[in-house]
Amino acid sequence: MAEGELSDNERRLVELARDLAERELRPVSLAYEESEEFPWEPFHKAAELGLASFDIPAKYGGGGVESLLATCRIVEELAWGDSPIAQVILQGGFFAGPLLAMGTEEQKEQWLPQLCGATPPACGLAVTEPDAGSDAAAIATHAKPVEGGYVLNGTKTYIGNGPVLSLCTVFATVAPGTRSRGITAFVVEKDDEGFTRGPALPKMGSRCFPAGELTFEDCFLPEDRRIGDEGAGFRGLMRFFDRARVQLTANSLGIGRAALEHAVEYAKEREAFGQAIHEFQAVAFRLVDAKMQLDQAQLLSHHAARLSDAGKPFAVEAAQAKLAASEAAMFATWAACQTLAGRGYLRDSPVQKWFREAKLDEIWDGTSDIMRVIISRSMFS
């Protein structure tokens with residue numbers, strides 16, 4: 001990607017992200033993974049630099065970055081430093097996405113400036129349910145219209161930042177049994193009566209970015225908490241997913257790049273049978289394949305981002321990029337583990353951590369199977 005495609009402000013933010021990743025995220029990465037503590041300190045350091053709100057419009061106090069291509073560059077640098085901490089930093093933008101797309105000016109003024117200070121709240125986006133993951137139209141959480149607002153009942157699960165969030169965009173149905181036609185978006189605040197945040201789920205990786213269960217038991221929300229019209233949520237959600245998938249490719253690329261760089265340096269220094277191990281084709285070619293897959297995935301990622309920025313359809317390209325990048329990261333982290341062998345299997349090695357984190361990207365925001373379904377439908381329609 002040519003630097004000329006970025007504005008001065010966007011280049012500045014990429015540089016800030018790179019510097020933060022190197023100085024503040026990478027050094028504490030393993031410590032937060034082991035402790036599983038929420039990374040408030042690096043999150044607020046990022047916020048002070050404007051990196052927790054770079055994708056919020058400037059009129060509300062954010063960085064004003066609209067370009068998905070620039071977003072990908074920023075996210076890749078943060079994920080190179082530490083993927084789970086990067087995801088904590090980025091959750092404000094995910095919370096704000098539906099609000100920016102469908103909310104009123106009054107709603108934007110109420111919630112968006114909170115995300116742009118030096119100590120923003122933890123935020124989340126709640127779609128997934130115990131029986132509604134890949135099939136988002138199967139959402140069963142019921143938002144029953146009542147006088148003055150809605151009453152929510154239901155459960156969300158695997159929600160990023162769930163145990164600690166203060167603000168959450170929640171998707172529910174106002175018309176159970178109608179699938180996508182009733183899905184509507186709402187803002188829920190942590191002190192709303194009937195809203196419960198469950199404990200952190202015991203995940204394989206990305207442990208300092210907690211995921212939890214959210215429960216709604218006769219949770220009343222006033223009318224002004226609804227984002228957009230009744231039934232407009234599913235279309236907004238699908239548009240949001242397309243953009244989120246492209247952004248997630250940058251997370252995968254950051255993880256994969258970190259793992260590949262680490263493995264290459266190790267292969268230069270480690271000797272076996274009287275020579276550096278990179279001189280063995282089995283080692284070198286494995287890392288060549290990892291580089292090629294990551295570079296190819298980056299091309300797909302940036303192509304999808306450019307289509308989005310040009311206002312052109314990009315749903316299929318987003319699926320291709322997400323599939324390619326997540327699987328490239330999985331291969332690159334496997335290749336790094338294989339190259340470091342026993343050294344990479346120890347818990348004080350970052351490669352075992354990156355390997356576990358790469359797996360998540362093959363699952364969330366649409367599994368690899370779902371990405372293949374989307375692509376195949378475009379081929380045979």
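Helix 3 is followed by Gly-50, whose phi is positive, near 85°; helices (H or I, at least four residues) and strands (E, at least two) are DSSP runs, numbered from the N terminus. The model is predicted: local features need pLDDT of at least 70, side-chain atom pairs count only at pLDDT 80 or more, and totals for chains, interfaces and linings use all residues. Residues are numbered from 1 along each chain as its sequence is written, and side-chain values use heavy atoms, with hydrogens and water left out.

- The buried residues of helix 3 are Pro-42, Phe-43, His-44, Ala-46 and Ala-47, where buried means under 20% relative accessible area, exposed over 50%, and partly exposed in between (1.4 Å probe, protein chains only).
- Helix 1 (8-25), helix 2 (29-35) and helix 5 are among the elements that cover the buried residues of helix 3.
- Leu-51 is placed in the loop between helix 3 (40-48) and helix 4 (68-81).
- With a relative accessibility of 0%, Leu-51 counts as buried.
- Not counting residues up to four places away in sequence, Leu-51 touches Leu-13, Leu-16, Ala-17, Leu-20, Ala-46, Ile-74, Leu-78 and Ile-89; contact means heavy atoms within 4.5 Å.
- A separation of 42 Å lies between the C-alpha atoms of Leu-51 and Phe-280, which are 229 residues apart along the chain.

**Nonpolar cores**

- The largest nonpolar core has 64 residues, and of these Leu-78 and Ile-89 touch the most other members.
- Helix 5 (residues 83-102) supplies the largest share of this core, 10 residues.
- A second, separate core of 28 residues includes Ala-258, Tyr-266, Ala-297 and Cys-337.
- A nonpolar core is here a set of buried Ala, Val, Leu, Ile, Met, Phe, Trp, Tyr and Cys residues joined through side-chain atoms within 4.5 Å.
- Leaving aside neighbours within four places in sequence, Ile-89 is in contact with Leu-20, Leu-25, Phe-43, Ala-46, Leu-51, Ala-52 and Leu-78.

- Pro-98 is located in helix 5 and counts as buried, at 4% relative accessibility.
- The contacts of Pro-98, not counting residues up to four places away in sequence, are Gly-103, Leu-125, Thr-169, Phe-171, Ile-227 and Phe-240.
- Pro-98 and Ala-185 lie 87 residues apart in sequence, with 7.7 Å from C-alpha to C-alpha in space.
- Thr-169 belongs to strand 4 (residues 167-173) and counts as buried, at 0% relative accessibility.
- Apart from residues up to four places away in sequence, Thr-169 touches Phe-95, Pro-98, Gly-124, Leu-125, Ala-126, Ala-185, Phe-186 and Ile-227.
- The C-alpha atoms of Thr-169 and Gly-97 are separated by 9.1 Å, although the two residues are 72 apart along the chain.

**Positive phi outside glycine**

- Asp-218, a residue other than glycine, has a positive phi near 50°.
- Asp-218 lies in strand 7 (residues 211-222) and counts as exposed, at 57% relative accessibility.
- Ala-341 is not a glycine, yet its phi is positive, about 55°.
- Ala-341 is found in the loop between helix 9 (315-340) and helix 10 (342-345) and counts as partly exposed, at 46% relative accessibility.

**The chain as a whole**

- The protein chain has 12 helices and 10 strands.
- Its radius of gyration is 21 Å, close to the 21 Å that the globule rule gives for 381 residues, so the protein chain is as compact as a globular protein of that length.
- The radius of gyration is taken over C-alpha atoms, and the globule rule is 2.2 Å times the number of residues to the power 0.38.
- The C-alpha trace of the protein chain spans about 80 × 50 × 40 Å along its principal axes.
- Of the 381 residues of the protein chain, 54% count as buried.
- Among contacts between residues at least 6 apart in sequence, 76% join residues at least 24 apart.
- The protein chain exposes about 16500 Å², of which carbon and sulfur atoms supply 53%; accessible areas come from the Shrake-Rupley method with a 1.4 Å probe, and for residues only the protein chains shown count as cover.
- There are 38 positive and 54 negative side chains in the protein chain, and the centres of the two sets lie 4 Å apart.
- Lys and Arg count as positive and Asp and Glu as negative, while His and the chain ends are not counted; the place of a charge is taken as NZ of Lys, CZ of Arg, CG of Asp or CD of Glu.
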